[in-house]
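User: I would like to go through this structure term by term. Please set each value against its cut-off and then conclude.

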Amino acid sequence: MPVEDSFEKSPAISADAEGAWVRREGALAGLRVLDLTRILSGPFASMVLADLGADVIKIEDTRGGDDTRRWGPPFQGDDAAYFHAVNRNKRSLAIDLKTEVGLDIVLRLATSADVVLVNFRPGTAERLGLGYPQLSQRNPRIVYGSVSGFGQTGPESRRAGYDAIAQAMSGVMGITGPADGEPVRFGVAGADLGAGMWATIGVLAALRSRDETGQGQHVDISLLDGQMSWLTYAAQNYFASGERPRRYGSAHPNIVPYQSFPTESGEIMVAVGNDSLWRRFAPVVGLGHLVDDPRYATNPDRVARRDELLPLIAEAFLGRPSTEWAALLEEAGVPAGPVHEVDEALAQEQVLAREMVVDLPHSDLGTVRTLGSPLKLTGTPTTLRTASPTYGEHTRELLTAMGLGEPDIDALAERGVVR
């Protein structure tokens with residue numbers, strides 16, 4: 001059956017009805033991304049690229065597709081809410097890479113792609129013929145982003161990578177949690193999401209370089225590296241002092257007061273980041289007599305005496321509910337905010353005004369409510385076009401664009417090569 005080596009991509013620049021040349025929506029319009037990732041880190045990266053206008057083709061196997069389609073309850077339609085969270089704006093092609101014809105189709109897609117994303121364990125893509133050395137021979141302009149637990153080099157590169165393991169091994173978990181409690185992981189998968197963000201940054205940088213040189217490159221991202229980079233001042237504090245960083249709960253090791261406090265109703269987070277803010281903060285909470293106390297006059301003083309100062313602040317906050325404290329502190333110019341549960345956070349006027357909650361069209365469900373994009377570009381804004389695809393939703397559409405006729409596609413489906 002004939003399959004074209006590539007198929008035409010939608011141009012980034014096209015003529016409108018009046019003949020004027022205009023740019024399609026999105027900074028990455030005209031770019032094609034072949035997404036061979038699953039679960040969270042890779043799909044998060046490819047979703048960001050899709051939001052920026054890229055055409056993302058999500059490759060899924062014929063044995064159930066992305067695992068997260070079944071990571072529920074809760075479900076929205078046939079797919080778990082988890083899957084809907086990171087797969088909007090994509091097209092799904094369900095195909096068996098273990099068959100010769102299936103692999104050939106994906107290789108041909110890679111030839112026409114600008115970006116290929118994978119999050120296989122190192123060595124797997126190469127065994128399939130989908131590694132950077134093989135694809136760059138076919139397409140020297142390819143930008144190849146790989147996300148793995150430990151990276152493509154080093155003595156532990158072949159280990160499987162998991163979010164919680166990266167958080168634990170990086171030291172991030174060791175400094176997260178209550179001071180007198182056990183280490184805890186982030187409430188979301190910080191290592192996976194962080195790696196996805198680093199992958200996006202790396203891919204964009206490689207595309208910029210390709211604009212200059214015409215040559216693609218391999219962007220090698222690891223969960224462990226990403227978490228190590230997040231240590232920032234915690235690592236630098238250790239380099240400077242030789243003292244092992246410890247857990248402070250919601251507090252900050254270098255700033256006091258900078259933490260949450262229980263109130264009459266709920267909790268309030270305050271960020272008194274300098275001495276000027278301290279002089280505004282103390283009178284609001286009834287501790288104005290401490291403003292000029294030499295024991296607490298500067299941040300180093302307050303850090304040194306945190307154990308005696310913090311109980312005084314904590315007692316003061318018990319007199320009002322969080323919402324009242326937040327209003328009073330805001331009026332005084334002191335950064336503060338109530339500690340919200342997820343449902344409260346999603347209902348905030350500011351969040352809704354910034355379009356961080358959106359309803360997107362879905363082929364089976366009508367619409368799916370999901371989070372918006374935090375990227376606000378004035379000239380080439382992000383475009384949230386569709387909710388996540390159903391399993392194999394675009395298989396026939398994509399194969400037709402590659403030159404396969406209806407009988408050929410039906411034959412592949414009957415053989416289980418595609419879904």
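Predicted model: local features only at pLDDT ≥ 70, side-chain atom pairs only at ≥ 80, totals over all residues.

Analyst: Residues are numbered from 1 along each chain as its sequence is written, and side-chain values use heavy atoms, with hydrogens and water left out.

User: Why is K58 called buried?

Analyst: Buried means under 20% relative accessible area, exposed over 50%, partly exposed in between (1.4 Å probe, protein chains only). K58 has 0% relative accessibility, so K58 counts as buried. K58 lies in strand β4. Strands here are DSSP runs of E with at least two residues, and helices are runs of H or I with at least four, numbered from the N terminus.

User: What makes the K58 and D66 pair a polar contact?

Analyst: A polar contact is a pair of N or O atoms within 3.5 Å; within protein, one must be able to donate a hydrogen and the other to accept it, and residues adjacent in sequence count only if both atoms are side-chain atoms. The side chains of K58 and D66 are joined at 2.9 Å. That value falls within 3.5 Å.

User: Which residues is K58 in contact with, beyond its neighbours within four places in sequence?

Analyst: Contact means heavy atoms within 4.5 Å. With those neighbours left aside, K58 is in contact with D35, T37, P43, D66, F83, N87, K90, R91, S92 and L93.

User: Is R69 buried or exposed, and how do you know?

Analyst: R69 has a relative accessible area of 3%, so R69 is buried. R69 is found in the loop between β4 and β5 (75-76). The side chain of R69 reaches the backbone oxygen of T390 at 3.5 Å. Beyond four places in sequence, the contacts of R69 include E60, D78, D79, P389 and Y391. R69 and Y82 are 13 residues apart in sequence and 7.3 Å apart in space, C-alpha to C-alpha.

User: What makes a set of residues a nonpolar core? Which members of the largest one touch the most others?

Analyst: A nonpolar core is a set of buried Ala, Val, Leu, Ile, Met, Phe, Trp, Tyr and Cys residues joined through side-chain atoms within 4.5 Å. The largest has 31 residues, and L34, I59, V116 and L399 touch the most other members. Elements giving two or more residues to this core include β3 (32-36), β4 (55-60), α16 (395-401) and α17 (406-414). α3 gives the most to this core, with 7 residues. Outside four places in sequence, L34 is in contact with I57, I59, V106, L109, A110, A113, V115, V116 and L117. Apart from this core lies another, of 24 residues, among them L28, A45, V143 and A166.

User: Why are α7 and α8 called roughly perpendicular?

Analyst: Axes are lines fitted to C-alpha atoms, for helices over the stretch in contact, and angles run from 0 to 180 degrees between N-to-C directions. Angles under 35 degrees count as roughly parallel, over 145 as roughly antiparallel, 65 to 115 as roughly perpendicular and the rest as oblique. Helix α7 (residues 190-213) and helix α8 (residues 223-230) pack at about 95°, with their axes 8 Å apart. The two helices are therefore roughly perpendicular to each other. The residues of α7 that meet α8 include G190, A191 and W198.

User: How do you know that β14 and β15 pair?

Analyst: Two strands pair if DSSP finds at least two bridges between them. Strand β14 (residues 357-362) and strand β15 (residues 366-371) share 6 bridges in the antiparallel sense. V358 has T370 in β15 as its bridge partner. The two strands form a hairpin with 3 residues between them.

User: What makes β11 and β13 edge strands?

Analyst: β11 (258-262) and β13 (336-338) each have a single partner strand, so one side of each is left without a neighbour in the sheet. The open sheet has 3 strands in the order β11-β12-β13, with antiparallel pairing. β11 and strand β12 (residues 267-271) pair over 5 bridges. S260 has M269 in β12 as its bridge partner.

User: What is the strand order in the sheet of 6 strands?

Analyst: The order is β7-β4-β3-β8-β9-β10, with parallel pairing in an open sheet. β7 (90-94) and β10 (218-222) are the edge strands, each pairing on one side only. The twist averages 20° from one strand to the next. β3 and β4 run parallel and are joined by 4 bridges. α7 lies across β8, β9 and β10, at about 165° to β10.
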